[in-house]
Amino acid sequence: RVVVPRADAHAWLVANGTWTANFPLLAGEVASFLEDAFVGTSSIGMTGTGGTVEFAFGIDDAVEVHTEPFGTLTSRPNWLGKVTATRNWHYALDNHRKAPVTVEIRDRIPQSQQSYYNVTFTGDAPDETDAEGLVKYRRELTPDQKATVTFGYRIQYPRRNPPGAVE
């Protein structure tokens, strides 16, 4: 299951694998079926040999996801004229299945090409982070188990040059 809590409050059934053929998997629409039932269509990008392919199979209603923002602050400029914006969220997961599930929470830390923006991660340590700021948390949930993850960041920037969006 994959969750992107700030974008959608659902857990999605997702399958992924490595494309091993000696030719590329071409981009296009994919019809997804789960136990002989059509669950929808999605698009995939072109994938070369060794690339990862991911397919979505719909929402898992038995895994609840709740997102709660907290500690959202923007400071006044300090004596150097720097402003600090802090954004934090609690992500709560609840497994109502009778079997264990693995849930992957995905989010993104803002990335800047400008040296005058200083971004600091403030949440729970992720299981994986990539160069573009994508963070992943993996949680194994037994039946009826709940789990929480805290995600957040702090951006320090010049008063006269705020970022376009701090969300």
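This is a predicted model: local features need pLDDT of at least 70, side-chain atom pairs count only at pLDDT 80 or more; totals for chains, interfaces and linings use all residues.
In total, the model contains 8 aromatic pairs.

A pair of aromatic rings is described by the distance of the centres and the angle of the planes. For tryptophan 89 and tyrosine 153, the centres lie 5.9 Å apart and the planes meet at 45°, so this pair is tilted. Where do the two residues sit along the chain? Tryptophan 89 belongs to strand S6, which covers residues 82–95, while tyrosine 153 belongs to strand S11, which covers residues 146–158. The pair therefore ties together parts of the chain that are 64 residues apart in sequence. Both tryptophan 89 and tyrosine 153 are buried.

Ring pairs join Trp89 and Tyr153 with Tyr91, Phe121 and Phe151 in a cluster. Tryptophan 89 has a charged neighbour as well: arginine 6 lies over the face of its ring, at 4.2 Å from the ring centre.

Aspartate 60 is found in strand S5, which spans residues 52–74. Is this residue buried or exposed? Its relative accessibility is 2%, so aspartate 60 counts as buried. Leaving aside residues up to four places away in sequence, aspartate 60 touches Arg1, Ala11, Leu13 and Arg97.

The view can now widen to the whole protein chain. How many helices and strands does it have? There are 0 helices and 11 strands, and reading along the sequence gives the pattern β-β-β-β-β-β-β-β-β-β-β. Among contacts with a separation of 6 or more, 68% are between residues 24 or more positions apart.

The overall dimensions complete the picture. The C-alpha trace spans about 65 × 40 × 25 Å along its principal axes. The radius of gyration of the protein chain is 19 Å, whereas a compact globule of 167 residues would have a value near 15 Å. Of the 167 residues, 31% count as buried. The protein chain exposes about 10,400 Å², and carbon and sulfur atoms supply 51% of that area.

Key: Residues are numbered from 1 along each chain as its sequence is written. Side-chain values use heavy atoms; hydrogens and water are left out. Rings of Phe, Tyr and Trp (its six-membered ring) pair if their centres lie within 6.5 Å; planes under 30 degrees apart count as stacked, over 60 as edge-to-face and the rest as tilted. Helices (H or I, at least four residues) and strands (E, at least two) are DSSP runs, numbered from the N terminus. Buried means under 20% relative accessible area, exposed over 50%, partly exposed in between (1.4 Å probe, protein chains only). A charge sits over a ring if NZ of Lys or CZ of Arg is within 6 Å of the ring centre and within 35 degrees of the ring normal. Contact means heavy atoms within 4.5 Å. The radius of gyration is taken over C-alpha atoms; the globule rule is 2.2 Å times the number of residues to the power 0.38. Accessible areas come from the Shrake-Rupley method with a 1.4 Å probe; for residues, only the protein chains shown count as cover.
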